[in-house]
Amino acid sequence: MEDTPDAATPPHHHPEDPLAQLIGTGQRVPCLDGTHRVAVELDQAASTQAHPDAAARIQEFLPWYSSVHRGAGYRSRHATASYEEARRAVLSFAGRDPDGSDVAILCRNTTEAINHLAYRLPLDPTDVVVTTVVEHHANLLPWGRVARRRYVECSPEGTFTVDDVCAALDADGPRPALLAVTGASNVTGWLPPIDAIIEAAHERGVRVAVDAAQLAPHRPLPLAADFLAFSGHKLYAPFGSGALIGPRAVFETGEPFLAGGGAVDLVGLDEVIWTAPPDREEAGSPNVIGAVGLHAAIEALGRIGWEAIADHERALGARLIAGLVAIEGVRLLGPTVSQRSTSDEGAIETLPVAAFTLAGMHHAMVAARLSAEYGIAVRHGCFCAHPYVVRLLGLSELEVDSYRSEVLGGDHRNVPGAVRASAGLGTSGAEIDALISAVAELAGGAPEPVPYQQDAATGDYFPVTDLPGWKDASHELGAACSRG
Ligand SMILES: Cc1ncc(COP(=O)(O)O)c(C=O)c1O
């Protein structure tokens, strides 16, 4: 994506004003006082609403919807061209030459992309993959299936240095086959020094896979990464698309991840001749709608430009962190305020994400009350990053063991965790303020308007009320954040 001046950003844009009116802006949600409030969506790190361009492009495309790579009709040719244009846009977005040596495999999401890669790399169970304790489960679990993992530990503030990565790469034992590392943490928003990390790994002859799920909507993707994985639904294109990018040569030999139609040149009853990548890696009918939406979202980001995005998100992040830490009882997880200070050269940089706990209130209760009483959406729990959250909370092995046995018994009530607020393109400073004032009210002892009950199976709290949207019957639609 070119970092060009933004045609879409007005000249006197205030950094805390939204950079886009995402689909659903202004939508109202039911609250316990019987009103419907405009939803404040501070769960952008989970999934973003659609960028209007993505929705419009899909609307335009729908009359042309047809099979991809499987039809002679005009519509099918159009759909195929749109799909392949999206693939080229994905490569350009990652700073790769669409006609170069890298290939983009379009898939469902980051999880699928990393599992795909883990399956496709020629790893032996004795091989070592270096990864970090900061990772999302999507960048931990797939590697454990195919290789041994060696971990980069983090500090109590949830960060590590390039030297820490080098120490893990150089540790006794076999030379690592891969470094699998996140481009940005989904818990603390921390941006590891990814370019320097990649350089250090390359100096040691180790290839690097970057989990770019959180990085991709916020910052340019690292040019030197050997492999990249990201999701459209975190990138303003919530239509089930994602991408794995890597050297074409890696996918030219061996068995593809999925076997089936579209991936072959010839099939006999006892023989298969796989076709060339990327088709070799995309058996089955692809998600052309997702690809079209992703393409449009990528273009929209390109028009806004990384500079405007980073300015907007730095302003929101600073406001979020400053507001939260000023509240008595709030404990911010991850880098401290002074470590995050953007004015210092070498400061730890973070996305507009804050994970925090509130003294005396269960994280699930904070999230439930923000939603039911204020119309504010956040996430709670361990954010699919259990090892990281355990470290950030400073839990002892004894504490982990005690809730572990409860979980094994089906009881999630005491699973530790935090609350996470996360912002993006469509977030305003006013929305951050709404969160801060709601958390301050909760911290100040605002009474519960109705009792809340905790569900043992999920650990979620639900208000006890017959109000529409909050009745017992809707509990199964609850957060269930504990499953992450
Ligand atoms: C850092 C990180 N990696 C991977 C994932 C998995 O993404 P997906 O659920 O789109 O597969 C997420 C999702 O939250 C994430 O934040």
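1. Helix α2 has 20 residues, and its first and last C-alpha atoms are 28 Å apart, close to the 28 Å expected at 1.5 Å a residue. The expected span is 1.5 Å times one less than the number of residues. Helices (H or I, at least four residues) and strands (E, at least two) are DSSP runs numbered from the N terminus. This is a predicted model, in which local features need pLDDT of at least 70 and side-chain atom pairs count only at pLDDT 80 or more, while totals for chains, interfaces and linings use all residues. Residue numbers start from 1 along each chain as its sequence is written.

2. Which residues of α2 are buried? They are Ala79, Ser82, Tyr83, Ala86, Arg87, Ala89, Val90 and Phe93. A residue is buried if 20 or more other C-beta atoms lie within 10 Å of its own, exposed if 12 or fewer, and partly exposed in between, with C-beta atoms placed from the backbone. Seen down the axis of α2, the buried residues fall within an arc of 165°, so they line one face of the helix. The arc is that of the directions from the helix axis to the C-beta atoms. Tyr74 and Ala81, on the other side of α2, are exposed.

3. The cover over the buried residues of α2 includes α1, β4 (102-107), β10 (242-247) and α7. Contact here requires two C-beta atoms, placed from the backbone, to lie within 7 Å. Just after α2 comes Gly95, with a positive phi of about 75°.

4. Helix α13 (residues 429-443) has 15 residues, which should span 21 Å at 1.5 Å a residue; its end C-alpha atoms are 21 Å apart, which agrees. Its buried residues are Glu431, Ile432, Leu435, Ala438, Val439 and Leu442. They cover an arc of only 125° around the axis, which puts them on the same side of α13. Gly445 follows α13 and has a positive phi, near 90°.

5. Helix α12 (residues 397-408) has twelve residues and reaches 16 Å between its first and last C-alpha atoms, close to the 16 Å expected at 1.5 Å a residue. How many of the residues of α12 are buried? The number is zero, so α12 lies largely in the open. Gly410 follows α12, and its phi is positive, near 90°.

6. The domain assignment gives domain 1 (28-50 + 305-483) and domain 2 (55-302); such bounds come from an automatic or database assignment. The contact between them takes 32 residues from domain 1 and 29 residues from domain 2. On the side of domain 1 that touches domain 2, α8 (306-325), β14 (353-358) and α11 (386-393) each supply at least two residues. The largest share of that side, five residues, comes from α11. By class, that side of domain 1 has 20 nonpolar, eight polar and four charged residues. Ala, Val, Leu, Ile, Met, Phe, Trp, Tyr, Cys and Pro count as nonpolar, Asp, Glu, Lys and Arg as charged, and the others, Gly among them, as polar. The C-alpha centres of domain 1 and domain 2 lie 28 Å apart.

7. Val353 lies in strand β14. Val353 is buried, with 29 other C-beta atoms within 10 Å. Leaving aside neighbours within four places in sequence, Val353 is in contact with Ala45, Thr188, Gly189, Arg420 and Ser422. Val353 and Ser185 are 168 residues apart in sequence, yet 9.1 Å apart in space, C-alpha to C-alpha.

8. Most residues other than glycine have a negative phi, and most peptide bonds are trans. His69, in the loop between α1 (52-61) and α2 (74-93), has a positive phi near 60°. With 16 C-beta neighbours inside 10 Å, His69 counts as partly exposed. Cys384 also has a positive phi, about 55°, and is found in the loop between β16 (379-381) and α11. Is Cys384 buried or exposed? Cys384 is buried, with 22 other C-beta atoms within 10 Å.

9. A cis peptide bond joins Pro277 and Pro278, with omega about 10°. Pro278 sits in the loop between β12 (271-274) and α7 (288-304).

10. Of the 14 residues around the ligand, Asn109, Thr111, His136, Asn186 and Ser231 come nearest. A residue counts as near a molecule if its C-beta atom, placed from the backbone, lies within 6 Å of it. The shell around the ligand has three nonpolar, ten polar and one charged residues.
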